[in-house]
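Here is a short briefing to read alongside the model. Have the viewer open and follow the topics one by one.

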Amino acid sequence: MYRYDSFDQALVNERVEQFRGQTRRFLAGELNEEEFRPLRLMNGLYIQRHAPMLRVSIPYGLLSSDQLRMLAHIARTYDRGFGHFTTRQNIQYNWPQLERVPDILADLAKVEMHAMQTSGNCIRNITSDHLAGVAADELTDPRPYCELIRQWATLHPEFSYLPRKFKIAVSASDKDRAAIRVHDIGLQIVRNDAGELGFEVYVGGGLGRTPIVGERISDFVPVRELISYLEAILRVYNLNGRRDNMHKARIKILVRAMGIEAFRDQVEAEWQHLRHDPELQLEEEDVAYMRGFFQPPAYDTGAGEGDLQAQLDADRAFANWHRHNTEAHRQDGYRAVFLSLKAPAIAPGDMTDRQMDAVADLAERFGFGEVRVTHTQNLVLADVRKDQLHALWQALRDLNLATPNIGTMTDMIACPGLDFCSLANAGSIDVAKDINERFDNIDYLYDLGDIRLNMSGCMNACGHHHVGHIGILGVDKKGQEFYQITVGGSSSNDAGMGERIGPAVPKDQVADTLESILHTFVEHREGDEPLLDTYRRIGVKPFKEAAYA
């Protein structure tokens with residue numbers, strides 16, 4: 001993984017001291033709230049319902065074991081013993097004391113971490129495929145390009161005060177596991193007819209109040225010109241994006257208003273001024289240098305399965321976990337392992353300090369000291385020998401991190417909702433608990449197959465409800481919590497927004513409504529057809545009729 005040089009470390013250290021001084025002046029009354037607000041947002045600090053919330057950046061979801069131990073230390077020392085992993089592959093702390101936040105940032109800096117650009121109208125954390133570097137369907141490892149983009153975007157003087165927040169995702173696999181088409185910019189690494197690597201570029205995607213699937217703006221941008229092309233898009237957006245209405249300020253609104261052709265024309269015109277600027281060109285040596293940080297680890301090329309098959313045959317629980325919580329690896333003798341943060345009665349994405357410390361140890365014992373965060377709010381140990389899977393499973397089971405539900409309906413994405421967020425209209429955590437209690441039969445979940453259930457507590461869509469196969473949106477009706485339900489969304493290659501199947505239902509009817517939807521799915525599916533295909537074949541009407549019969 002990328003390691004800081006002296007410039008990186010100095011930059012992060014100086015930002016810590018700047019914020020320490022800004023916080024001291026605010027607490028002393030020398031800065032008012034209006035003056036302090038943009039300063040704290042630059043450092044990932046929000047004021048939520050009950051306390052400040054600090055969001056810490058995890059670039060493209062990659063952590064070292066030492067970094068994970070530091071996150072555990074912060075949860076234990078400055079918070080209430082847990083953290084919440086998010087859909088942007090970051091972690092949030094919900095209970096820090098404002099006066100101690102500079103100390104948290106100082107501790108993060110000790111392990112090459114920070115909270116810069118995790119909030120505010122700037123380029124946010126660059127996200128990518130959680131199986132980057134190990135996926136069998138990968139064209140090349142996207143993480144070196146993610147890091148090059150991150151370095152370009154960090155404290156970029158021209159793009160620190162954009163009309164609205166800005167999100168970039170990168171994928172290099174046949175299957176999109178990074179949701180690139182619902183980002184402001186989505187990058188798909190491709191190879192042209194000459195065999196050269198480059199980028200297919202999508203622009204104008206996003207969720208929130210106006211969910212839109214991004215449109216392709218370029219079939220191929222050469223690696224050398226990637227940064228200049230990104231800069232051209234950002235310049236056009238920065239110049240033309242609306243600043244008079246925050247609900248219409250995202251680039252997706254601009255692209256839709258202009259039309260993709262007119263937007264492309266402006267980007268191309270701007271690009272002609274930038275593409276030959278040597279400061280914006282990625283030379284071969286730049287890319288090669290960055291690739292050096294992401295070389296494959298020292299795999300045991302003789303690693304085999306050992307007693308794995310016998311263990312699978314002898315233990316159904318282990319076999320279920322292996323089937324659902326592990327993934328094929330490009331290196332023979334290895335599997336990628338998902339650590340489920342979706343155990344029953346646990347808020348999706350939450351993890352205790354004890355679990356973080358233990359996983360850091362497991363990453364060193366069973367892997368190469370690295371942990372990945374997924375945008376579906378789970379963790380991954382990417383390089384586990386097959387003959388060690390049973391021992392790892394036993395350790396994870398003791399930590400309550402081995403729920404065998406990855407890819408099932410209870411592997412749900414959910415924001416913290418009304419329990420923490422000042423913007424939320426309804427709770428998410430208690431609804432997730434109700435769903436887990438209703439659908440606690442693991443064999444039934446397996447029979448249902450791949451179902452992505454996403455839930456948000458408000459229209460900001462932090463839980464990506466629009467692109468869930470089943471989406472749940474919390475709304476306020478005269479002070480009561482109600483929930484709109486959609487069916488048919490996707491954030492993968494077939495990206496699309498779900499359709500609402502009827503009026504919102506009260507909290508105590510959400511699980512009943514889901515049960516009706518699933519009964520309809522089972523009744524109409526053909527063979528092992530997934531829910532999304534069934535929905536697209538029969539349409540929304542049968543689901544609506546069943547849900548509100």
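**Pocket, rings and cysteines**

The lining of the second largest pocket draws at least two residues from each of α11, β11 (326-328), α15 (442-448) and α17 (531-538). Please keep in mind that this is a predicted model. The notes below start with that pocket, then turn to aromatic rings, charges over rings and cysteines.

**The second largest pocket**

- The volume of the second largest pocket is about 950 Å³.
- There are 35 residues lining this pocket, and Lys 175, Ile 406, Gly 407, Asp 450 and Arg 452 are the closest to its centre.

**Aromatic pairs**

- A total of 15 aromatic pairs is found in the structure.
- One of them joins Tyr 289 and Phe 293 edge-to-face, with 90° between the planes and 5.2 Å centre to centre.
- Phe 318 and Trp 393 make another pair, and this one is tilted because the planes of the rings lie at 50°, with the centres 5.2 Å apart.
- That pair links distant parts of the chain: Phe 318 belongs to helix α11 (residues 316-325) and Trp 393 to helix α13 (residues 389-398), 75 residues apart.
- Are Phe 318 and Trp 393 buried or exposed? Both residues are buried.
- Tyr 2 joins Tyr 289 and Phe 293 in a cluster linked by ring pairs.

**Charges over rings**

- Arg 275 places its charged end over the ring of Trp 271, at 3.8 Å from the ring centre.
- Lys 477 has its charged end over the ring of Phe 482, and here the distance to the ring centre is 5.2 Å.

**Cysteines**

- How many disulfides does a search of the whole structure find? The search returns 0 disulfides.

Notes:
Residues numbered from 1 in each chain as written. Predicted model: local features only at pLDDT ≥ 70, side-chain atom pairs only at ≥ 80, totals over all residues. Heavy atoms only, no water. Phe/Tyr/Trp six-rings, centres within 6.5 Å; stacked < 30°, edge-to-face > 60°. Helix = DSSP H or I, 4+ residues; strand = E, 2+ residues; numbered from the N terminus. Buried < 20%, exposed > 50% of the residue type's maximum accessible area, 1.4 Å probe, protein only. Lys NZ or Arg CZ within 6 Å of the ring centre and 35° of its normal. 1 Å grid on protein atoms, 1.4 Å probe; cavity = no way out; pocket = protein on both sides within 12 Å on 5 of 7 lines; lining within 4 Å. Points joined across faces, edges and corners; volume = space filled by probe spheres on them. Disulfide = S-S within 2.5 Å.
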